[in-house]
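Colleague: Could you walk me through this one slowly? I would like to go from one spot to the next.

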Amino acid sequence: MSPQTLIENAHVITVDTERRELSHASVLIDGATIEAVSTAPITDVDDDVVRIDGRGCVLTPGLVNTHHHLYQWITRGLAADHTLFQWLTTLYPIWAGIDEKAVNVAALGGLAQLALSGCTTTTDHHYVFPREGGDLLGAEIAAAQTLGIRFHPTRGSMDLSEKDGGLPPDTVVQTIDEILTASTDAVSRWHDPSPDSMLRIALAPCSPFSVTTDLLRESASLARELGVRMHTHLAESLDENTYCDEHFGSTPLQYMESVGWVGDDVWFAHGIEFDDAEIGRLAATSTGVAHCPTSNARLGNRICRTRDLVDAGVPVGLGVDGAASNESARLLEEAHQAVLMARAKGGPTALTTRTAIDLATIGGARVLGRDSEIGSIEVGKLADLVLWDLSGLGHADIDDPVAALVLGAIPPIVGTWIQGRRIVTDGELTTADTATIARDCATEHRRLLDKAG
């Protein structure tokens with residue numbers, strides 16, 4: 001058994017129900033869980049306890065990423081000046097060449113970047129399955145297990161190709177029967193519903209313009225039969241609004257509700273184009289939203305109504321989105337961008353720095369149905385924690401540590417713990433060699449482009 005870890009003298013942002021912020025506080029990790037949180041010295045510890053000096057540092061819950069496409073890590077920088085639909089049609093032929101090796105390497109790159117920027121739990125929406133690609137979901141799960149990150153991959157799907165009026169090429173879509181069989185197998189093989197789970201599966205048809213109505217209905221029914229969550233893109237762009245109006249005579253949310261896609265087991269990526277009534281409907285059904293401000297801006301979409309969603313009681317978390325539309329993919333940066341985007345739309349009080357921290361931690365945990373286990377620093381919760389160094393040039397003269405985190409540069413990380421295991425020490429990943437990962441990512445990027453011609 002690993003020795004206890006005692007983090008002392010830190011400024012602790014608990015994000016608990018009272019939103020306590022504790023100066024010169026200590027947190028004791030015992031095994032996988034948080035054993036104590038106190039402003040008084042914690043003396044009841046084992047003789048071999050590992051002591052971490054947190055002076056000049058702020059301790060937060062680990063950040064929770066609610067939307068990603070890890071395979072895109074090796075296609076960053078392409079289609080840099082395109083609209084969403086142009087971007088998709090440019091990149092689909094390249095993505096059609098992915099295989100197990102490419103996905104594993106891309107996932108190692110994307111997950112390492114997340115871990116090095118304070119993320120301890122991440123989802124992934126993998127929906128591209130070329131027929132000769134191999135075990136792509138298994139490849140990214142292996143990467144997460146190598147790095148030691150808490151992982152919520154989704155078994156995505158597409159069954160509406162170009163010839164049927166969709167956007168993806170025929171080579172990356174599957175039949176409904178193939179998708180449902182693979183989805184059932186993925187849950188049976190990988191899903192762990194236990195309270196301290198490091199791996200959970202959700203089902204995730206890609207979007208209203210790349211899947212059929214039958215697939216949405218059948219996937220919802222299967223997910224609820226298997227007891228797993230449901231995820232898809234929705235209300236991301238005006239192009240999508242036009243598509244749904246022309247094909248279904250409805251808004252994207254009206255369409256999704258007609259096929260059973262609302263509820264506390266559902267979360268949507270983006271959610272930019274919801275009107276007042278739809279925001280109310282999301283709140284009434286506890287349907288979640290993954291807010292991806294950097295990707296939204298990168299693709300030139302409009303600004304999410306984050307303040308209105310939060311005020312209505314909609315579960316909202318943050319997402320970096322795919323690395324081909326957010327080449328940085330650092331989750332704390334999304335908290336920064338969420339504040340800026342909200343204020344650009346709604347004025348200087350539209351979103352506070354503390355709300356941004358909420359979205360990055362307990363908000364994301366709520367979206368994933370894990371807020372009783374992660375997302376805040378409380379006794380009994382899982383020890384997913386990040387210790388940020390605010391003593392240097394970038395932050396030392398900012399009195400408010402939350403403002404320093406959200407508005408300043410991303411601080412150096414002293415330590416990141418997941419399930420009580422330290423995976424980042426003084427800014428270095430301890431579970432893999434990032435130089436090797438970087439070289440492998442560059443090799444796979446070139447191989448993928450060569451395959452696409």
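Colleague: Where do Y92 and W95 lie, and how many residues apart?

Modeller: Both Y92 and W95 lie in helix α1 (residues 84–95), three residues apart, which is about one turn of the helix; helices here are DSSP runs of H or I with at least four residues, strands are runs of E with at least two, and both are numbered from the N terminus. Please keep in mind that this is a predicted model, in which local features need pLDDT of at least 70 and side-chain atom pairs count only at pLDDT 80 or more, while totals for chains, interfaces and linings use all residues. Residues are numbered from 1 along each chain as its sequence is written, and side-chain values use heavy atoms, with hydrogens and water left out.

Colleague: And what kind of aromatic pair do Y92 and W95 form?

Modeller: A search of the whole structure finds eight aromatic pairs, and Y92 with W95 is an edge-to-face one, at 5.6 Å centre to centre with 90° between the planes. Rings of Phe, Tyr and Trp (its six-membered ring) pair if their centres lie within 6.5 Å, and planes under 30 degrees apart count as stacked, over 60 as edge-to-face and the rest as tilted.

Colleague: Are those two buried or exposed?

Modeller: Both Y92 and W95 are buried, where buried means under 20% relative accessible area, exposed over 50% and partly exposed in between, using a 1.4 Å probe and protein chains only. Y92 and W95 also belong to one aromatic cluster, together with Y71, W87 and Y127.

Colleague: What about F248 and Y255, how are their rings arranged?

Modeller: F248 and Y255 are stacked, with 3.7 Å centre to centre and 5° between the planes. F248 counts as partly exposed because its relative accessibility is 29%, whereas Y255, at 4%, counts as buried.

Colleague: Changing topic, how do α4 and α5 pack?

Modeller: Helix α4 (residues 176–190) and helix α5 (residues 213–226) pack at an angle of about 20°, with their axes 11 Å apart. Axes are lines fitted to C-alpha atoms, for helices over the stretch in contact, and angles run from 0 to 180 degrees between N-to-C directions. The angle therefore makes α4 roughly parallel to α5, since angles under 35 degrees count as roughly parallel, over 145 as roughly antiparallel, 65 to 115 as roughly perpendicular and the rest as oblique.

Colleague: Which residues make that contact?

Modeller: On the α4 side they are I176, I179, L180, S183, T184 and V187, and on the α5 side they are D214, L215, E218, S219, L222 and L226, where contact means heavy atoms within 4.5 Å.

Colleague: Where is S117, and what is it in contact with?

Modeller: S117 lies in the loop between α2 (100–115) and β7 (119–126), and it is buried, with a relative accessible area of 2%. Leaving aside neighbours within four places in sequence, S117 is in contact with L63, A329, R330, L331, L332, W388 and I413.

Colleague: Last one: which residue has a positive phi of about 50°?

Modeller: That is A79, although it is not a glycine, and A79 is found in the loop between β6 (63–65) and α1. Most residues other than glycine have a negative phi. Because its relative accessibility is 11%, A79 counts as buried. Q419 likewise has a positive phi, of about 60°, without being a glycine, and Q419 sits in the loop between β15 (413–418) and β16 (421–425).
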